Amino acid sequence: MNETMTQVNDFMNEYEYSNDKTIQKAIESIKNGRTEEEVQKEFNLTNDDMDLIDFVVNEF
């Protein structure tokens with residue numbers, strides 16, 4: 001496993017997140033121009049979810 005994926009896995013093991021499909025849909029919505037606030041409300045995402053999404057959108 002590469003170093004970046006190891007870091008992501010370590011990060012994710014410390015918190016509880018929504019299921020992968022929900023996170024993926026939320027990321028796509030943000031990449032398509034929706035605001036983080038809109039996406040968080042629509043998908044009922046936690047602050048931990050939003051931190052993960054922010055990391056993925058900004059780092060990859």
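Glu59 lies in helix H4, where helices (H or I, at least four residues) and strands (E, at least two) are DSSP runs numbered from the N terminus. With a relative accessibility of 54%, Glu59 counts as exposed; the classes are buried under 20% relative accessible area, exposed over 50% and partly exposed in between (1.4 Å probe, protein chains only).

The model is a predicted one, in which local features need pLDDT of at least 70 and side-chain atom pairs count only at pLDDT 80 or more, while totals for chains, interfaces and linings use all residues. Residues are numbered from 1 along each chain as its sequence is written, and side-chain values use heavy atoms, with hydrogens and water left out.

The protein has four helices and zero strands, in the order α-α-α-α along the sequence. Of its 60 residues, 25% are buried. The accessible surface is about 4500 Å², and carbon and sulfur atoms account for 43% of that surface; areas come from the Shrake-Rupley method with a 1.4 Å probe, and for residues only the protein chains shown count as cover. Among contacts (heavy atoms within 4.5 Å) between residues at least 6 apart in sequence, 49% join residues at least 24 apart.

Glu59 also belongs to a surface patch of negative charge, together with Glu36, Glu37, Asp51 and Asp54. Patch residues have over 30% relative accessible area and no salt bridge, and like charges are joined within 9 Å. A salt bridge is a side-chain nitrogen of Lys or Arg within 4 Å of a carboxyl oxygen of Asp or Glu. Asp and Glu count as negative, and the place of their charge is taken as CG of Asp or CD of Glu. Helix H3 (36-43) and helix H4 (47-59) each supply at least two residues of the patch, and H4 gives the most, with three.

| Residue | Relative accessible area | Contacts beyond four places in sequence |
|---|---|---|
| Ser29 | 15% | Arg34, Val39, Phe43 |
| Asp49 | 0% | Glu16, Tyr17, Ser18, Ile23 |

Ser29 is found in helix H2 (residues 20-31), and its relative accessible area of 15% is why it counts as buried. Asp49 is in helix H4 and is buried because its relative accessible area is 0%. Asp49 and Glu16 are 33 residues apart along the chain, and their C-alpha atoms are separated by 8.0 Å.

Methods
Patch = residues over 30% accessible without salt bridge, like charges linked within 9 Å, V, L, I, M, F, W, Y side chains within 5 Å.
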